[in-house]
Amino acid sequence: MARLFSNKYLSKSKVSVKRRDLIKYLEQNGFYLLREGARHSIYTNNQKTIPIKRHQTIDRITANELCKQAGLKPKF
């Protein structure tokens with residue numbers, strides 16, 4: 001069976017994003033913490049509301065999708 005990924009693409013820094021880095025990016029672009037939900041922190045800029053799950057790391061693809069939902073350029 002062929003290998004699908006080489007090890008250099010599986011390093012933790014390439015696959016996941018620290019939650020605090022995503023939140024810092026959102027806050028730099030006008031978002032603020034609206035409330036804490038049961039499993040998510042809810043951020044808003046009074047026009048869009050984005051739920052951020054409460055884990056230390058978030059998948060890079062998910063982080064970029066959250067940026068798109070917020071109307072921001074994907075950073076990760």
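Here is a short chat about how the terms apply to this predicted model.

Modeller: Residues count from 1 along each chain as its sequence is written. The model is predicted, so local features need pLDDT of at least 70 and side-chain atom pairs 80 or more, while totals for chains, interfaces and linings use all residues, and side-chain values use heavy atoms, without hydrogens and water.

Colleague: What makes strand 3 and strand 4 a pair?

Modeller: Pairing takes at least two bridges found by DSSP, and 5 bridges join strand 3 (residues 40–44) to strand 4, running antiparallel. Strands here are DSSP runs of E, at least two residues, and helices are runs of H or I, at least four, numbered from the N terminus. Ser41, for one, stands opposite Ile52 in strand 4.

Colleague: Why do strand 2 and strand 4 count as edges?

Modeller: The open sheet has the order 2-3-4. Strand 2 (32–36) and strand 4 (49–53) each have a single partner strand, so one side of each lacks a neighbour in the sheet.

Colleague: How do you know how helix 2 runs against strand 4?

Modeller: Axes are lines fitted to C-alpha atoms (for helices, over the stretch in contact), with angles from 0 to 180 degrees between N-to-C directions. Helix 2 (residues 19–28) lies across strand 3 and strand 4, at about 165 degrees to strand 4. Contact means heavy atoms within 4.5 Å.

Colleague: What does Phe31 touch?

Modeller: Leaving out residues up to four places away in sequence, Phe31 touches Leu26, Tyr43, Thr44, Asn45, Lys48, Ile50, Ala70 and Leu72.
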